Amino acid sequence: MPVQELVVRRGRRSGVTTMVAVHSSVLGPAVGGCRFKVYPRVHDAIDDVLRLSAAMTRKCAVAGLDFGGGKSVVALDGVPTPEQRRAILLDHGDLIASLDGAYRAGPDVGTGPEDMLVLRERTPHVFCVPEEHGGTGSSSGPTAAGVLAALRAGARSVFGSDEMNGRRVVISGYGSVGAQLAAALAGQGAEVVVSDVDERRLAAAKKEGLRLTRPEQVLAVEADVLIPAAVGGVFGPGAEVAAPLVVGPANNQLTDDAVADDLAARGVLWIPDFVASAGGVVYTLGREAESLTHDQALGRVAALEQTTQRILDAASANGTTPLAEADALAEARLTSGAEPRTPSPREPRTAA
């Protein structure tokens with residue numbers, strides 16, 4: 001499915017290029033995080049926003065959400081000062097506002113609830129502002145809960161039980177989600193090994209009593225479960241993965257969808273990232289778009305275990321991969337959906 005709309009604009013305050021991709025509004029308005037990141041070239045940022053928006057379409061469709069997929073990117077060329085950061089965010093807020101609700105933003109890599117508060121100065125179409133300002137704040141907890149739900153289904157398929165006691169779990173990325181996963185799994189009796197490029201995070205993990213490994217060694221560590229919780233592009237053709245089960249929240253883990261077949265041929269069960277990482281958006285939209293209670297929204301996150309099990313059962317029955325079955329599930333929702341909902345889709349365009 002081609003992107004429905006791409007808007008690229010240079011901010012009038014900051015001079016920094018920001019962009020929004022609305023991949024699909026078949027199921028509802030597009031939602032997706034705002035990524036704040038240094039890119040070598042603007043075209044690299046455009047490639048990223050297009051890939052990420054397409055993944056959000058699949059994520060929302062598989063999770064049963066009445067929203068489409070979108071993403072936004074701030075293409076930095078260096079680390080901004082606090083004053084520059086605010087100017088950039090206000091420019092980005094203006095861009096989001098110009099789309100009249102076709103895209104609704106939340107936090108992503110490089111942004112958090114406080115940044116969403118700045119965006120809200122220019123547009124109401126923002127999720128996850130701090131709780132004291134009426135939002136749900138960070139979605140890292142529900143995201144971690146969604147990964148654990150998917151992990152339970154994956155563990156039953158690979159090991160015959162979702163018991164984690166005594167299992168070795170390697171977590172690549174000890175950020176807010178990775179740290180919560182490490183704590184939860186260690187609490188269940190798992191031996192947790194952590195990797196991160198940030199020495200401060202590694203020091204924090206060591207303080208928690210976790211084992212450490214270097215990022216370049218993470219795929220080769222003998223383990224029961226590998227959890228990619230950092231950047232995308234982890235697995236390329238011929239990737240050697242020592243763990244039989246891979247499930248994690250990092251977006252776009254495969255360099256190409258064909259790698260899913262390669263992993264399966266090597267005996268690795270890879271649960272699609274857009275399935276495993278859906279807990280945050282499921283929780284946030286449940287709370288902020290449907291006014292669910294905390295417990296009700298967490299109940300929907302827990303239901304990702306059944307969604308994952310359905311995908312794994314179909315892959316086993318049909319001799320396919322979880323990616324093929326997750327894509328089929330997404331396509332079924334998208335093709336049975338109504339005409340694109342309001343706001344009406346526009347022709348793809350790029351604005352200078």
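Modeller: **The sheet and what packs on it**

Five strands make an open sheet with mixed pairing, in the order 1-2-4-3-5. Its edges are strand 1 (5–10) and strand 5 (103–107), each of which pairs on one side only. From one strand to the next, the twist averages 20°.

This is a predicted model, in which local features need pLDDT of at least 70 and side-chain atom pairs count only at pLDDT 80 or more, while totals for chains, interfaces and linings use all residues. Residues are numbered from 1 along each chain as its sequence is written, and side-chain values use heavy atoms, with hydrogens and water left out.

Now some terms. Strands (E, at least two residues) and helices (H or I, at least four) are DSSP runs, numbered from the N terminus. Two strands pair if DSSP finds at least two bridges between them. In general, strands of a sheet pair through backbone hydrogen bonds, either parallel or antiparallel.

Start at strand 1, which runs antiparallel to strand 2 and is joined to it by six bridges. Arginine 10 has threonine 17 of strand 2 as its bridge partner. Six residues lie between the strands of this hairpin, where glycine 15 takes a positive phi near 75°.

Strand 2 (residues 17–22) also pairs with strand 4 (residues 68–76), antiparallel over six bridges. There, valine 20 has serine 72 in strand 4 as its bridge partner. Helix 1 (residues 42–62) packs on the sheet, touching strands 1, 2, 3 (30–38) and 4; contact means heavy atoms within 4.5 Å. The direction of helix 1 makes about 155° with that of strand 4, where axes are lines fitted to C-alpha atoms, for helices over the stretch in contact, and angles run from 0 to 180 degrees between N-to-C directions.
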